[in-house]
Structures are given as C-alpha cells and as structure tokens.
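Work through the exercises below with the sequence and the model in view, and try each task before you read its solution.

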Amino acid sequence: MTDTAQLSRRRFLQGSLGVLTLAVTGSGLVTAAWADEAAGKKYGADGMPGGTVDDPLVFVSIAADGTVTIVAHRAEMGTGVRTSLPMVVADEMEARWDRVKVVQAEANESRYGNQNVDGSRSVRHFLQPMRRVGAAARQMLEAAAAARWSVPVSEVKAAQHEVLHQPTGRRLPFGELAADAARQPVPRADALKLKTPAEFRYIGKNEVRLVDLEAIGKGQATYGMDARLPGMVYAVVARPPVVGGKPRRVDSSKALAVPGVLKVVEIPAFQGAPAFQPLGGVAVVARNTWAAMQGRAALAIEWEDGPNGSYDSAAYRKTLEAAARKTGKVMRNQGDARQAWSKAPQAERIAAEYYVPHLAHASMEPPVATVRITGDRAEVWTSVQNPAAAQAAVAKRLALKPENVRVNVLLLGGGFGRKSKPDFVDEAAIVARAMPDGTPVKLVWTREDDIHHDYLHTVSVERLEAVLDKKGQVQSWLHRSAAPTIASLFTEGAKGQQLFESAMSAINMPYRIPNVRVETAEVPAHARIGWFRSVANIPHAFAAQCFIAELAHRAGKDHRQFALDLIGPPRKIDPGTMADTWNYTESPERYPYDTGRLRGVIEAATRGAGWGRKLPKGHGLGLAFCYSFMSYTATVVEVAVDDSGEVSVVSVDMAMDCGPQINPERIRAQMEGGAIMGLSLALASEITFGKGRVQQSNFHDYEVLRHHASPRVIRTHLVNDNHDLPPGGVGEPPVPPVAPALCNAIFAATGKRVRSLPVRKVT
C-alpha cells in the first residue's frame, strides 16, 4: 500500500541521508543530487547539501531499503493530484508503486514553486518536471549499475525497482544502488531520455488507486476538521450579516456565562478591498465546539450594516438587465457588429438574455483552521488550496517572518476555489494570539457560516444579439456581460468583468462570424465575489451555448450540424492582438484554439448519446460545448419533462479532450463530478439577498443535487490521448456545458425556452 504522510522539507532531507535524493527547479530541470556527508556532501544551515538549492519544486529519494519517497507539493482536494503527479515520477523511474511513499509538503513556495491548487494547473504545469525527475533517477541508477558491473550503460535497463544487465540477466535492486547512483552526475536536460507512451506502466492506465483511498475508506484520513492537539480550544465567530458591516455594540456577558466558554475575542473588520481579510466580528472561545456555538448564540450584538445593507438580489437583477441593454466597455471588436445589427431587417435579428444567480461553493467540509503560536513562531493545520496565501496571511497578522509560520496541509473535503482564500486561517491566528502562548485554537465554520459568508460566484446577466441571414448564416454576434467582477476583491470600487474574465468563453469564441463584438457592463459588487469552479466560463457558456441552439432553431437546422458548421473546418485560430488574454494565462502558441479538437468532442458526445434517435414523448436531447482551461468538453443531456413541468435528467454524455490522459480514472471521476455539480447549479442552487443578507443557510434551502434527482446514467468519453500535446486541465472544464445542455434538452422536449437558472420547474 502506498503510504502518505505529512513531512517538512527539513525532515525529508534528514530522513534521506545516505540515499539518492533529487531536486527539481522551477524551470523543470533536475539540478541537484546528493547522498550523505560521507559522500563528500556538506549540509548548510537550512538542511540542504552545500547550502540552498535554487527553487526545488520536488524532492525524490531512494532509501537503502528501496523505498522511494516522493514529495507532493500540491494539496489533495479530490482531484487525485497527490496520486497522479507522484505516479508520473514512479513511471519514469520504473519504481514499483507498492514501494512508493508519498509525503505532503508544507507551505513553502520559495522551495516548491507555486502550490496554489486552482485553475486546473497541477498536471498542466507539473507533468514535465515530474517526468524529468523520474527519468533522471532512472538514468542515474542505470549508470550506477553499469559502473558496478563494468559494462556499457547501453546494456542495462531499469525495470520495476531493479536494474537488469540484459546480456547476462544480472539484477540489482534500487535500494542497493541508491548510494552509488547519488555519486553519478545528474543528466543534462538534453541527455534525459523520457519514456515513449508505449513504455508507460502507470501513465494512461487505470491500475493505480489513490494513495489516500484506504485511509479515506477506513475513516483514518486527516482532514482539516480532524486536527487534534493537546490542550486545544475551539472557536466560532459571529460575523457581520452584511459584507462591510461591523458591530455597533456588543454585550458578551451572557456568552461568558455559558459553561465551557473561556473568552470572547473581537475580530476587526476588513479595511479597503476585502481580499482575503476576515469579515470581522466577535469570536467565542470554548473548551469544545458546542459550548463555543452556544456562547455565540448568547452574544447580544447590534450590527451596523454599512454600504451594502440595502442589497437586494431581485432589484439588482433589474439593474443588471438594464446595464446589459446599454453599450458597454469593448473587450473584443471584429468587423462592425453594431452596423450589421442596425442595417438588418427585423426578421433577421435575434436577441436573448440569460441569468445566472450568485452561487456558493458549499464544499462538504466547511472552512476550518487550527493555529498554535509559540514565541515568535506559529504553526497551522488546515485544509487550503493555497498554502502560501495562508502562510502570508498569518505572518502579516502576527508580524512574523513567513519562514517562522509553518502551514501543514491536510486533506480538503472539497474546495472548488473557496479554500484558496485563507480568511478563515487569518481568523484562527487572531484568536490564537489572544490566548496564552502555546494554546492551539481550532476555529470552525458551521454550514450556516459557510453559506452566509462565502466568496460567491458572480451573479450575471448575459445579453446576446445576432443577425441571421435568409440562408441561416450568422452575420453578426454581440455578447454583453453585466456582472460584478472578481477584481472587486482586490481593488475598491472595481466594476464590471475584467479582460481575464471575458477571456473565459466570451472573447475566445471559435465561430466563423464576420462581425463580432464582446462588451462588459461596469456594475458594482455588493458581496465578496470569488472564483468558483470554472469561474466566468459558467455564465458565458450558458448564454452562448443556449443562444446557438436558439439560432439553429430559428434557421430550421439540426443543432449539432448548425454548431459544427458555425465552428467550421479543423483549424488553429490566430488570436491576433488578443493573444495575451486569449487563453486565461496560457500561451496561445503552446495552446492554440484547435477547432478540430472541439469538433471531436462534439462528435463523441453526440455519438455516445445517440443524437438523432427517436425519443419518447416528453424527452429531449440537448447539446453544449466549451473550451476552458486548455481542454475541450461537450455534453449531451437527455431530459424527461412530465405534464406538470417536473424535469428529470435521464442521462448525461460528456466528452473531454484534455490532451494526454495521465490518470484516466481520475479524469472520469472529475467529469462525473462536474456533471453532478453542473446539474446542481442548473436545477437547484441559488443564493439570494435581502437587506444585504444572504437568505439561504443550509442544504435545505441552498440545494445541491439530491441522489434521487441525479441522472441514472453518466457516460464519459475520453478523446485524443495524444502525448505530443501539452496537457489541459481536468477539474474545471466539465462544469460549463452542463447547464446549457440541460436547458437545450428542455426546449427539445417541450418547445419552451429556459434562460434563467435555476430551473426548478418548466412552466
């Protein structure tokens, strides 16, 4: 059984003396190998041989007993990254998976590079570095064996934890060779020999199970909520019910009288833009969580609501609709869409507006963090997507050097982007500072806290206008977004979606249309707007994909064929002057928008769903597709709508082209999870506001898809396992096509258009 453990960099190195240990730099090059002091290596004060190695992203070692230890520098929140990336190393170095131990890195971006697990970047950015370090270890082991046998290195080959001399059949295990291998020179980058896909043992196979699977199945895995320390106390916080509010008066006398309550601590309100600052409020510290919650309930607080106290989501929707009907800030302009619209006959014009409400992340494990301060050092145990941000927040709050703040990264019970924002870790640090030195404080959010005080996915009105000529050809396309921006987190008063948000399925559209215009309306934010799984791709794809279905119907054409014709023949799109924003941080040269790959997933999903087949009365098939996070996805949903308007999801067919398929089982799991999450936001989920307050509180009124409402069948279709391509993302791309595919299916079943989410019933 592959083992997992929490391990600091220093402890890793201390436990690796006398073995082969490799470090990889941020550029993905293997630059350092060492054994022990007897081999002539001298360790610096930081525990590194010869002082600090420049920015090592990953450490890999082979012990004398043959155990291969691999550092996982990114957190595990269900995507399988703590398995997939070490698996790549093991494959390239020919290590047996049952002899591998995976250890979780602490927060340290100066040593490990970027550790922020969002943006579907883990495999995308670290596949090649992991392959290189594994290949380097393999070649050094082979060189060591060749030297011991006094044979050419061309005659030896590593295979399943041994090195074989092919002419004679002699074998040496990895452990016996480890110290000798450490004395071999590290292969130059141009001398590394990566495996061919035909040689892979684990990559692209379904034979490797999650390293955490057994512990999770037995209830032994350690999530943030599971942290336990001697002498630990517990805290919950009464936060302002309105973003930007603060307590006017607090009476804590009754709270302090609750048995088990130890202290009441004020948490200051945030200053300026919210960023990752706590909302403020009053924390109650107690000997157990229940006492802390009872103490919080006994607080008498008069709140001052601040500037967002009148925020009403129904009224704000009207504000967004009005803004979406006016000319906005231009994000892309090709041809002259406005002139094409003004000159077109009324019969050739078509316009529609689409609404997506605020959404909460609602991960199964609410935010939780444990902090212990001892002298000029602090230690954190928590479930975070961005350990470095948590480290920075605590260091700033406590006026400590970042290197004096250790963040132990535990398993995440879901994240979806919420847990890359460490406000809850900062809260725990504030409370721990108020307690006696060395007292561990676990600060817990309840489900109600999580729903009421989330960084919400933006609310949005999307307006689409097009001119469709008499031949059914689209001559112009206007897409205008009216939505508060994520930038409002970091800049006070920021209004309207920014270029990076428009670059998510609005700017980077693949259609052959001569006149294209994309605009954004500059509307303010009244809540904390944060990134959410797939971010702005959700409202943009919802609108664009529903609109294409409407255009196909107006043209009297089959939706699938209309979409393929609109995309056109396989080609790589030149983004021109928009190259810097076309791909949401990735180079369009490395990741060109390939319409052939988009066509491939449309064809795979529709083929899997049996597009065009005869359906029972009240059933319909709907199609949608999207390019996001460098991957191509297409979804076909089959629905059944009864006479009362109740919608049942019969099946989902989802196709994905993410390029090389590193861990197919995990890809399929993410696709299935994305289908369920997409259906949740389409059918059930909605956050509303009244008097500045979130009106939902728990899963009874902020609904996620229940088991009985889930599709009976989810079929996943993996397309184009091409290792000549750079890898695309997997965690986020499945979500955006699901809601529009559902709504298009409802139209196919009933003839009724749905342009507003969630779809609780068809009327």
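**Exercises with worked solutions**

The record from UniProt, an unreviewed entry, places the feature "domain: Aldehyde oxidase/xanthine dehydrogenase a/b hammerhead" at residues 218–307, where UniProt positions follow the numbering used here, feature names are shortened, and annotations may be inferred rather than shown by experiment. This is a predicted model, in which local features need pLDDT of at least 70 and side-chain atom pairs count only at pLDDT 80 or more, while totals for chains, interfaces and linings use all residues. Residues are numbered from 1 along each chain as its sequence is written, and side-chain values use heavy atoms, with hydrogens and water left out.

**Exercise 1.** Describe the secondary structure over residues 218–307.

*Solution.* Over this stretch the chain is 16% helix and 33% strand, and its end C-alpha atoms are 48 Å apart. Helices (H or I, at least four residues) and strands (E, at least two) are DSSP runs, numbered from the N terminus.

**Exercise 2.** Which residues of helix 5 (residues 174–182) are buried, and how are they arranged around the axis?

*Solution.* First, list the residues that are buried (under 20% relative accessible area, with exposed meaning over 50% and partly exposed in between, for a 1.4 Å probe and protein chains only): they are Phe174, Gly175, Leu177, Ala178, Ala181 and Ala182. Next, look down the axis of helix 5, where these buried residues fall within an arc of 150°, so they line one face of the helix; the arc is that of the directions from the helix axis to the C-beta atoms.

**Exercise 3.** Compare Met630 and Lys691: what is the phi of each, and is each buried or exposed?

*Solution.* Met630, found in the loop between strand 26 (619–628) and strand 27 (631–641), has a positive phi of about 70° although it is not a glycine. At 3% relative accessibility, Met630 is buried. Lys691, in the loop between strand 29 (689–690) and strand 30 (693–694), has a phi near 50°, which is also positive in a residue other than glycine. Lys691, with a relative accessible area of 64%, is exposed.
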